[in-house]
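Hello! Please keep the structure open while you read.

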There are 2 protein chains.
Amino acid sequence: MKPSKISVLAPGLIGGSVALACARTFPDAALFLWSRHKESLPPIQKALPKAKTGTDLSGATGSDLVVLGAPASALGALVQNLLPHLSPRTLVTDVASVKAPVEKELAPLLQGHGRWIGSHPMAGSEESGFRAARGDLFQNATVILTPEKNTPAETVQDATLFWRTLGAKVTRLEPGEHDRQVARISHLPHAVAAALVHAAGSSGLPLAGPGYRDTTRVAAGPSALWAEILLGNRREVLAGLQELRTGLQGLETSLEKGDAAGLAKFLEEAAQIRRKLPGS
Amino acid sequence: MKPSKISVLAPGLIGGSVALACARTFPDAALFLWSRHKESLPPIQKALPKAKTGTDLSGATGSDLVVLGAPASALGALVQNLLPHLSPRTLVTDVASVKAPVEKELAPLLQGHGRWIGSHPMAGSEESGFRAARGDLFQNATVILTPEKNTPAETVQDATLFWRTLGAKVTRLEPGEHDRQVARISHLPHAVAAALVHAAGSSGLPLAGPGYRDTTRVAAGPSALWAEILLGNRREVLAGLQELRTGLQGLETSLEKGDAAGLAKFLEEAAQIRRKLPGS
């Protein structure tokens, strides 16, 4: 698909990066960015002087593609207000990191009003907001599309092509399975990084080496956003925490018993899994 | 202190990096590298063509400085065999990451035979062995010296100057306090990274983003070495795991209750601590 008009609504770090990447990749397409707050618009206009911006969703009229940058909890209301400005051919996707609840809320709303498919770009940083957006954020990033069994193949193909054109590797998962896997590969590490920072406290910070630095980096991220993400996927995050607890219990037992072989086995099994990940 | 002869015994990643850094920083000093295994010597000779190497500790005779690269559990036997080749003026230090047990074992052995002080360079990587050694490993790294109350000031000064000359920032901690803080800032993150990898498993690896990547990086490290480090400091690591468990329990309670404010507070407190660490 080669869009002639793209709208990005509520552009934060991810949505803003989509807009910057689109300006570069589709220089002939019209670009509209919407924010609920007028005061958010000037930095957007500055970064994207050729784009239109506004606080009225009617500006999205005529879009081939609408990217919803809002957090999961705000998507329902946003889409309700967006419906009058969509055409049934408009491809509509989001960038939230929890998919089953979003699917459940948006799919029925958008039925017949737009071609809906959920997206989760696995990109970002410990920063947030439009000011942290980068046009190259999706280069080699993984984007997970979460079609349901009745999502038309053409919708999946168009969304796949869109993210690939921005440089991403695209993979597909059913929304519930997405939430299960992402809880363990993304949300759990975040929760644990915060707990580690609490356990280590401030006093040892001058001693922090690369181990602490890497392991806890994500804990510096935006807490309100992450509280929402963890709560949005809480059933799976809780299940992941339970699995983590079992592992930590095994570690404690090995340490208490002085069981060097058991401890080395636990660490070696983890090392073998982790070494499967290319590029450190 | 400007050493005219430096010996590095059992050079792995850290000891090997000391030797490479010394060859660069003290080009006029004689350098001797000892390994227990003859087959370890050729790569050392190749990397350090001007150094002497050998499997006999008598090669260390006449050193101003001896750096013990062996792991904590091997240091006692190594120093026993080294004693005949030391002079009371020889500065002797190690690079092990657990200090109270090393202090307890080596200080009495070296009393009157050398000027002993423990060192812990907070540097390294997920690699190990001499082949991973780098001459610039200590540039801006933190080295913790662990003098005891009866360590002569001159010994502390000489060791401080040595590590600073290799580019490190030097700080001092009493051995027990070192172990307490390092358990939380280094050993605990390592143990938890391994538990996280176990909890996440292999199936979600294709979805891994920078969060998982950073948080679990150290879990790819050498497992036998880390089993030894964790066991060597097990009392403090267990105490740290207990503190972590309290934090995780709080997280679970917030998630179960759907307590967004409590969760955000927990994450924000962690973020504020983590943001104190300069340079991400």
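1. Conventions. This is a predicted model, in which local features need pLDDT of at least 70, side-chain atom pairs count only at pLDDT 80 or more, and totals for chains, interfaces and linings use all residues. Residues are numbered from 1 along each chain as its sequence is written, while chains are lettered from A and ligands numbered from 1 in the order in which they are written.

2. Domains. Chain A splits into domain 1 (5–173) and domain 2 (178–274), with bounds that come from an automatic or database domain assignment. Taken over C-alpha atoms, the centres of these two domains of chain A are 31 Å apart. Their contact draws 14 residues from domain 1 of chain A and 15 residues from domain 2 of chain A; two residues are in contact if their C-beta atoms, placed from the backbone, lie within 7 Å. On the domain 1 side, α3 (72–82), α4 (100–110) and β8 (142–146) of chain A are the elements that give two or more residues. Helices (H or I, at least four residues) and strands (E, at least two) are DSSP runs, numbered from the N terminus.

3. Chain interface. The contact between the chains takes 79 residues from chain B and 79 residues from chain A. On the chain B side, elements supplying at least two residues include α7 (210–216), α8 (223–232) and α10 (260–274) of chain B, but the largest share, 18 residues, comes from α6(B). By class, that side of chain B has 45 nonpolar, 20 polar and 14 charged residues. Here Ala, Val, Leu, Ile, Met, Phe, Trp, Tyr, Cys and Pro count as nonpolar, Asp, Glu, Lys and Arg as charged, and the others, Gly among them, as polar.

4. A residue is buried if 20 or more other C-beta atoms lie within 10 Å of its own, exposed if 12 or fewer, and partly exposed in between, with C-beta atoms placed from the backbone.

5. Sheets. Chain B has an open sheet of six strands, ordered β3-β2-β1-β4-β5-β6, with parallel pairing; two strands pair if DSSP finds at least two bridges between them. β3 (52–54) and β6 (115–116) of chain B stand at the edges with a single partner strand each, so one side of each is left without a neighbour in the sheet. In chain A, five bridges join the parallel strands β1 (residues 5–9) and β2 (residues 30–34), and A:Leu9 has A:Trp34 as its bridge partner in β2(A).

6. Helix α8(A). Is this helix mostly covered or uncovered? α8 (residues 223–232) of chain A is mostly covered, with seven of its ten residues buried, among them A:Trp226, A:Ile229 and A:Leu230. The cover over the buried residues of α8(A) includes α3, α4, α6 and α9 of chain A, together with α9 and α10 of chain B.
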